[in-house]
Amino acid sequence: MSTAIPEQPAEENRHARRFGLPIATALVMGNIIGGGIFLLPASVAPFGTISLVAFGVLTLGAIALALVFGRLAHRHPQTGGPYVYARAAFGDFAGFLAAWSYWITAWVSNAALAVAAVGYLDVLIPVHESKAATIAAALTLQWLPALANLAGTRYVGAVQLVATVLKFVPLLLVAVGGLFFFDSANLGPFQAGDGGALGAVSASAAILLFSYLGVESAAVSAGEVRDPRRNVGRATVLGTLGAAAIYLLGTLAVFGTVAHDRLVDSSAPFSDAVNAMFGGSWGGTAIACMALVSMVGALNGWTLLSAQTPYAAARDGLFPKVFTHKRRGVPTVGVLVTVVLASLLTVYNYTVGTEGVFEILVLVTTFTATVPYLLSTAAQIYFLLSGRPERVDRARLIRDGVLAAAAFGFSMWLVAGSGYAAVYQGVLFLFAGVLVYAWMSARKARRETEAATPMPGTGPDSLSVPVPTQALGPMQAQAQAAKTDGASERVNSGASA
C-alpha cells in the first residue's frame, strides 16, 4: 500500500509556473551541454577524425534513450522520471536505487561544475591567487542557481532559457562560422595511433560517452511540465538533437580550423579556433565567458533535478518526508540539502587539497548516473513484454522494443566506459544506500501496520477487547452492556446451531 502525498499544483502562486515546450527543451539542452564541450575536440583529437564516427554512434544511442524516456513519460507523467518508471515496474527497492543514485550524481556533479567554472572565471577575474577568494567564488556559483530555484519554477525557467540562448548563440557562431574557414589540411589522419579502427572508436567513445548525460531532464521534472504526456517526449528528443548538432558541428569546425598537431596539445580548443578564424587573442576571453554562462545554466538545471527525484521518492515514503516540502513549485528542502552537500564537498576539496579524492567522486558519478538509465530502459522492456495493454501501444510494439533494446545497450556502454575503479566505487555508494532504504522501508511498514491495526472497541474482534465500564458514564455503560450481551447471545445461538 502506498502512502503517497498528493502532488501539489505547480501553479501555487505567481512565482510557480509550469514549463512549456521551449523551456523544457532548454532544460534538456542546458543540462546535456555543460562545460565539457569546450574541451572535447582536444580530448578526442589524438584518435583522429574517426572520433566523429564515435560521436555519430553515441548520438544514435542518446536519441534512442531520449525516445524511450518520452514513451515512459507518456505513461507516467509524474515528477521523478527514472525513479517513477523503475518503481512502477520493479517495486520500491528498484525505485529507491534509481532515486538514490541519481541524487548522488546530481549534487556531486554540481560541486564539480562549480570547481570547473571557477577555472574559467579566473580568466576574467583572477581569483586563484587567494584560496579564500577561490572558495567564495565556487560557493557563489553554486548558491546563485540555488537561489533562483528557491524563488520558484517561474524564475528557474527564465534563467534556464536565458542561459541557453546566451551560450548557444556564440557556440553556433563558432560551429557554423568555422565551416567557412574550414581547411581539410588541418584534419590530420583519419585514424591516429597503432590500434585498429574499432579500438579507436571505442577509446574515443569512452571520453565522449558522458557528453549526453542529462537526456532525462524533462522526464525528471515532468510534474512541472505543461501537458507532460505530449511535451516531455518532444522536449527530450528536441533537446538531445540540439545538443548533438552543437557537439558535432563544433567539433568538426575546430578540427578544420586548428592544425591537428596543435589541437592535440590544446587546453582551449575553441579559443584556438576563434583565434585562427579572426586573428588576435581575444578568443580566450570570449570562450571563458561562454563556458561560465554554460556552466551556470547547467548548475541551474541540475539543482532543480537534484531536488525532484528525492521529492518523488519522499512522497512514497522512500526518502525522509521533509523532502516533500514544496514552495513556489520547487522542492525547497531538496534544493537546500543538495547545495549544502555540494558546498561542503567543494570546501573540502579546496581546503584539504585531496584532488585525487575529488576526482574519484566525480568519476563515480559517471557510473551512478547510468543506474537510473539501465533501470528505466529495463522497465520499458518489462512493460513491453509483460502483456499489460494499459502500458503498451500495440501499434508501436516492435518499434518501441527495438528502441528499448538500443537504449539498454547504450546504457551498458556507459557503464563499461566508466572504468573498473568507478564501477567498484559506485557499487559501494549504492550499497550505502541499501542501509538508508532499510531504515525508510521499516518506517513505512510500521506506519502501514499501525494504520491497519483497529483501535480498541472497533473492528470485528472488538468483543474481545471491551472498553472498561468504569471509564464510561451511566448511559454509556448500559449501552456497552447491552451491546456485549447481544453479541454474546448471537455467538451462543450460532454455536448451538
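Trainee: Is D92 buried, partly exposed or exposed?

Mentor: The relative accessibility of D92 is 24%. Buried means under 20% relative accessible area and exposed over 50%, with partly exposed in between (1.4 Å probe, protein chains only). D92 therefore counts as partly exposed.

Trainee: On what basis are such values given?

Mentor: This is a predicted model, in which local features need pLDDT of at least 70, side-chain atom pairs count only at pLDDT 80 or more, and totals for chains, interfaces and linings use all residues. Residues are numbered from 1 along each chain as its sequence is written, and side-chain values use heavy atoms, leaving out hydrogens and water.

Trainee: How many salt bridges does the structure hold?

Mentor: A salt bridge is a side-chain nitrogen of Lys or Arg within 4 Å of a carboxyl oxygen of Asp or Glu. One of them joins the side chains of D92 and R87 at 2.7 Å, N to O. The number of salt bridges in the structure is 5.

Trainee: How many residues apart in sequence are the parts that D316 and R87 tie together?

Mentor: The side chains of D316 and R87 meet in a salt bridge of 3.3 Å, N to O. D316 lies in the loop between α13 (283-315) and α14 (332-352), and R87 in helix α4 (residues 82-90), so the pair ties together parts whose separation in sequence, in residues, is 229. Helices are DSSP runs (H or I, at least four residues), numbered from the N terminus.

Trainee: What is the relative accessible area of D272?

Mentor: D272 forms a salt bridge with R262 (3.6 Å, N to O). R262 is partly exposed at 48% relative accessibility. D272 is buried, with a relative accessible area of 14%.

Conventions. Helices (H or I, at least four residues) and strands (E, at least two) are DSSP runs, numbered from the N terminus.
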